[in-house]
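Here's a quick tour of one model, written for someone who likes to know the cut-offs. Have a look at the sequence and the structure first.

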Amino acid sequence: MLETIVNFLNALLWGKLLVYGLVGAGLYFTVRLAFIQLTHFKHGIKVMTISRQGGDDGLSSFQVFCTSMAARVGAGNMAGVAVAIGMAGPGAVFWMWAIAVLGMATAMIESTLAQIYKVKDEDGQFRGGPAYYMEKGLGQRWMGVLFSLFLILAFGLVFNAVQANTITGAMERVFGFDPMYVGIAIVIASGFVIMGGLRKVAKVSEIVVPFMALAYLLIASVVVFFNLEKLPDVFMLIIKSAFGWQEAVAGGVAYSVAQAMQAGIARGLFSNEAGMGSAANVAASASPNPNHPASQGFVQMMGVFVDTLVICTATAAIILLAGDMGGESDGIKLTIDALTSHVGDWGGAFIAFAILLFCFTSIIANYSYAETNVMFLSGNRKNALPVFRLAVLGMVMFGAMAKIGLVWDLADVSMGLMAIVNIVALVLLSGLAIRVINDYRDQLKNGDMPVFDRSKFPELDGQVETDIWPREDRAETSES
């Protein structure tokens, strides 16, 4: 009975409501922001890399980028892309690209709002995210509570169990390691990081994420280099399949445009998280440079680009350049088999190592998202964190040992409901977010270093922390 209900809710959320909601929101924000993801792409790269040192109150933009990428980049980038291709053909990759471009605008909106409504906890660390802008911006704390509960269940507990399960599965398949001992090792390593709080998570992510991403992209680049002559044909295959122009040949399977669209869009949304409200939790933790809420929006916009248009594309290249793999749709097996066909038997060991790093960083980053929402529920007091950290580690150990198919489905439902609540808040607050972003762009166009002047937005009086976003005298700021 429970399984039937969960499957129905997942089909409704991920098959219809979320796809339409997130695609519609992405289109709306893209048009309202005048295609900012294209016109300000270079500026996004600059903002992402300009600040590598955080302030006393927050993390650096680069640390926040790495922490959000730690959660975004996981087994889904390797297994999920393979499942989409196996189920709906190469055309799914095109629609994955398309939704990522739209998602960049959505990420811009939600991360800007997270910065506007951020607060300080009892240790002076910035906190914020959807729960905070629902309470402060919309005056609806009940929405923030609902969102927090969904996120804590999905990201803080169940998804971490799933990530641990993925690690132990890979280690057992490739190396024959006992899942119990692998689970203990994961718990110890995760505990060491999360007991140090948000700053420790950010510091570890800052080191591990660039290393793991670059290593994976290097392997993909080598594969592409040795198959350059196949690249034009693979690209045309993606385009033809996306629009139904590719006929089934030699007994192959013909995929419909609807299949390609649904699989590609769902995979892209699930991977880059744009609009779900998850990455916005860590976006609020930054000390932005320039000191303007919109600057952190650019950072998260680039996170969507790197996750889907770079890393997911790398996986797609490895799979499609391998040719026909027998129609296997088991994601991680398809990826392992494809890489092994390119580089030999050590490809499987490399994928297992990549899964270890990807999933471990996802565990600690998922924890950081949930920590912020635990703080929201407790009134920004840390007394609830020790118990919650133990619960997270308990779920990690449970996931390492258990078969958790139904639990994964429950987490999908929870994340889907979380995203629905966030989309409603984004649309309701989008007018303010767009004005704030346009203020940033106007200052940039005039040759100024953007600075947020709260006096331009009187509706924020009484809603935001005055010591975080004080009223600024633009002239005095420019002269100084």
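## The core

In this predicted model, the largest nonpolar core has 159 residues. Such a core is a set of buried Ala, Val, Leu, Ile, Met, Phe, Trp, Tyr and Cys residues joined through side-chain atoms within 4.5 Å, where buried means under 20% relative accessible area. Helix α16 (residues 346–377) is the top contributor, giving 18 residues; helices here are DSSP runs of H or I with at least four residues.

The residues with the most contacts inside the core are Ile109, Leu113, Tyr117, Tyr216 and Met415. Skip the neighbours within four places in sequence, and Ile109 touches Phe29, Leu33, Leu426, Ala433, Ile434 and Ile437 (contact: heavy atoms within 4.5 Å).

## A greasy patch

Met1, Ile5, Phe8, Leu9, Leu12 and Leu17 make a nonpolar surface patch of about 600 Å². Areas are Shrake-Rupley with a 1.4 Å probe.

Ile5 sits in helix α1 (residues 2–32) and is partly exposed at 39%, that class running between 20% and 50%.

## Confidence

Mean pLDDT (the predictor's confidence per residue, 0 to 100) is 83 for the chain, and 90% of residues reach 70 or more. Residues 248–252 fall below 50, with two contacts beyond near sequence neighbours.

## Ground rules

Numbering starts from 1 along each chain as its sequence is written, and side-chain values use heavy atoms, leaving out hydrogens and water. Local features need pLDDT of at least 70 and side-chain atom pairs 80 or more, while totals for chains, interfaces and linings use all residues.

Note on methods:
Buried means under 20% relative accessible area, exposed over 50%, partly exposed in between (1.4 Å probe, protein chains only). Helices (H or I, at least four residues) and strands (E, at least two) are DSSP runs, numbered from the N terminus. Patches are made of residues with over 30% relative accessible area and no salt bridge: like charges are joined within 9 Å, nonpolar side chains (Val, Leu, Ile, Met, Phe, Trp, Tyr) within 5 Å. A salt bridge is a side-chain nitrogen of Lys or Arg within 4 Å of a carboxyl oxygen of Asp or Glu.
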